[in-house]
Amino acid sequence: MSDKPTVLFVCVHNAGRSQMAAGFLRELGGDRVEVLSAGSAPKDQINPVAVEAMAEEGIDIAGQQPKVLTVEAVKESDVVITMGCGDACPIFPGKRYEDWELEDPAGQGIDAVRRIRDDIRGRIETLLAELVPASAS
């Protein structure tokens, strides 16, 4: 892993979970990490309820655009976090893979999405502490 790890978040639509995770890591990790996100079957736009839930935390993901998962994105990443994308994610040796079982926010109300958001935040804080220990910043 390089001095500045690259983390790729992958879910099916790249419109909710992976975008919230990427938003938190960009916000909390700052310039200590590179953040990518993609989907195996991306939607046309970010889930508006996910945008609302993140805005409550002071994080704006409204300008993000769902992107299709590419082999190149996986190759350039040190850590690949999947969220319900099944076997769509290519596997390369030497990379750290994690699968986060998270409820899909699609079609959910704000209360449910807040719970998902808060779960993601806790996981991001743990991941960041592992990737970039406080003494290294």
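User: How many residues does helix α4 have, and how far does α4 reach?
Analyst: Helix α4 covers residues 110–131, so to speak: 22 residues, reaching 30 Å from the first C-alpha to the last. That is close to the 32 Å expected at 1.5 Å a residue, where the expected span is 1.5 Å times one less than the number of residues. Helices here are DSSP runs of H or I with at least four residues, and strands are E runs with at least two, numbered from the N terminus.

User: Before we go on, what sort of model is this, and how are the residues numbered?
Analyst: This is a predicted model, with local features needing pLDDT of at least 70 and side-chain atom pairs counting only at pLDDT 80 or more, while totals for chains, interfaces and linings use all residues. Residues are numbered from 1 along each chain as its sequence is written, and side-chain values use heavy atoms, leaving out hydrogens and water.

User: Which residues of α4 are buried?
Analyst: They are A112, V113, I116, R117, I120, I124, L127, L128 and L131. Buried means under 20% relative accessible area, exposed means over 50%, and partly exposed is in between (1.4 Å probe, protein chains only).

User: Where do they sit around the helix?
Analyst: Seen down the axis of α4, the buried residues fall within an arc of 130°, so they line one face. The arc is taken from the directions from the helix axis to the C-beta atoms.

User: And what do they pack against?
Analyst: The partners are β1 (6–11), α1 (17–29), α2 (48–55), β3 (79–83) and β4 (96–99). Contact means heavy atoms within 4.5 Å.

User: Nice. What is the geometry between α1 and α4?
Analyst: α1 and α4 pack at an angle of about 45°, with axes 9 Å apart. They are therefore oblique to each other; angles under 35 degrees count as roughly parallel, over 145 as roughly antiparallel, 65 to 115 as roughly perpendicular and the rest as oblique. The axes are lines fitted to C-alpha atoms, for helices over the stretch in contact, and angles run from 0 to 180 degrees between N-to-C directions.

User: Which residues make that contact?
Analyst: From α1 there are R17, M20, A21, F24, L25, L28 and G29, and from α4 V113, I116, R117, I120, R121, I124, E125 and L128.

User: How about α2 and α4, what angle do they pack at?
Analyst: About 60°, with the axes of α2 and α4 9 Å apart. This pair is therefore oblique too. V49, A50, E52, A53 and M54 in α2 meet I110, V113 and R117 in α4.

User: Back to α1: is it mostly covered or mostly open?
Analyst: Mostly covered, as 10 of the 13 residues of α1 are buried. The cover includes β1, β2 (34–39), α2, β3 and α4. After α1 comes G30, whose phi is positive, near 55°.

User: What does S18 touch in there?
Analyst: S18 lies in α1 and is buried, with a relative accessible area of 0%. Leaving aside neighbours within four places in sequence, S18 contacts F9, V10, C11, S37, A38 and M83.

User: And Q19, buried or exposed?
Analyst: Q19 is buried, with a relative accessible area of 0%. Not counting residues up to four places away in sequence, Q19 touches N14, S37, I46, I61, Q64, Q65, P66 and K67.

User: Last one: where is V132?
Analyst: V132 is in the segment after α4 and is buried, at 10% relative accessible area. V132 and K4 are 128 residues apart in sequence and 8.4 Å apart in space, C-alpha to C-alpha.
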